[in-house]
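Thanks, everyone. Please look at the model on the screen.

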Amino acid sequence: LRVAERAVASVRTGSRPLRVDMIASRSAASGLMRGFHRAHPEIELDVVMLFDVETAVAAIRSGAIDASFRAVAVPGRPLPEDIASVRVLDEALQLLTGPAHALAGARSVTVAQLAGHRIWMPGIVPGTEWAAYYDDLVAEFGLTIEATGPNFGSDALLDTIADTPALATFMGEQTRLVWPADHGLRRIPVTDPTPVYPHSLLWHRDNPHPALATLRTHLATTAPGCDAAGTWVPGWVLRY
């Protein structure tokens, strides 16, 4: 059935948009796609938001989407052979604190300085690719990341961080969030090394959509790059 669906899509690609998946509308991947749209306004786009990498891979294989921005895969569950991937962006993590947090006045913090501080991330879901990333970060540097409590979204997270001196959270450097000025939140660079979240583009090797090649070329020539000196990613990312 998937082969038949791809065959039908191959003769209709000019009549439908390029469908691209990302985790969230305010993520670094969203910024990459906005840049692509500015460079190629003639290409019609559909942007969707699927939950995890396995859902995204299934949608790619069925032809429901053409590409997905993901952290490659979960360790021990490699991508199927018909799915290609290329790492396009390493996004530095920053520490987000409220004004009364012990590290709020720091211009930067080392990973070692974060040991003993509570980092609250209620959006971590066991079994996902981002949970695997943060599990490795905790194991590597002895950090304390708590995923307790319901995830009420970014606004509730920002409110809690602003009001709770004992809590901080991680945020991607290119994640675009807005909060009230009286929250007094601080975004603090993390160094020695800088943990980076690896964003990759996934697609089906047989996908015939002509705009997919244009997207890949655009990312290859405009994305900031990966593996900069002084950065850290889990070993399973490097194996890909």
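S8 gives the most to the lining of the largest pocket: four residues. Strands here are DSSP runs (E, at least two residues), helices are runs of H or I, at least four residues, and both are numbered from the N terminus. This is a predicted model: local features need pLDDT of at least 70, side-chain atom pairs count only at pLDDT 80 or more, and totals for chains, interfaces and linings use all residues. Residues are numbered from 1 along each chain as its sequence is written, and side-chain values use heavy atoms, with hydrogens and water left out.

The pocket holds about 990 Å³ of space. A pocket is an open set of points on a 1 Å grid over the protein atoms alone, where a 1.4 Å probe fits, with protein on both sides within 12 Å along at least five of seven lines; lining residues have an atom within 4 Å of a point. The volume is the space filled by probe spheres set on those points, joined across faces, edges and corners.

Of its 36 lining residues, the closest to the centre are Ile23, Ala24, Met121, Gly123 and Thr175.

Now the largest nonpolar core. It has 29 residues. Such a core is a set of buried Ala, Val, Leu, Ile, Met, Phe, Trp, Tyr and Cys residues joined through side-chain atoms within 4.5 Å. Buried means under 20% relative accessible area (1.4 Å probe, protein chains only). H4 gives the most to this core, six residues. Apart from it lies another core, of 21 residues, including Met33 and Phe69.

Definitions and conventions. Buried means under 20% relative accessible area, exposed over 50%, partly exposed in between (1.4 Å probe, protein chains only).
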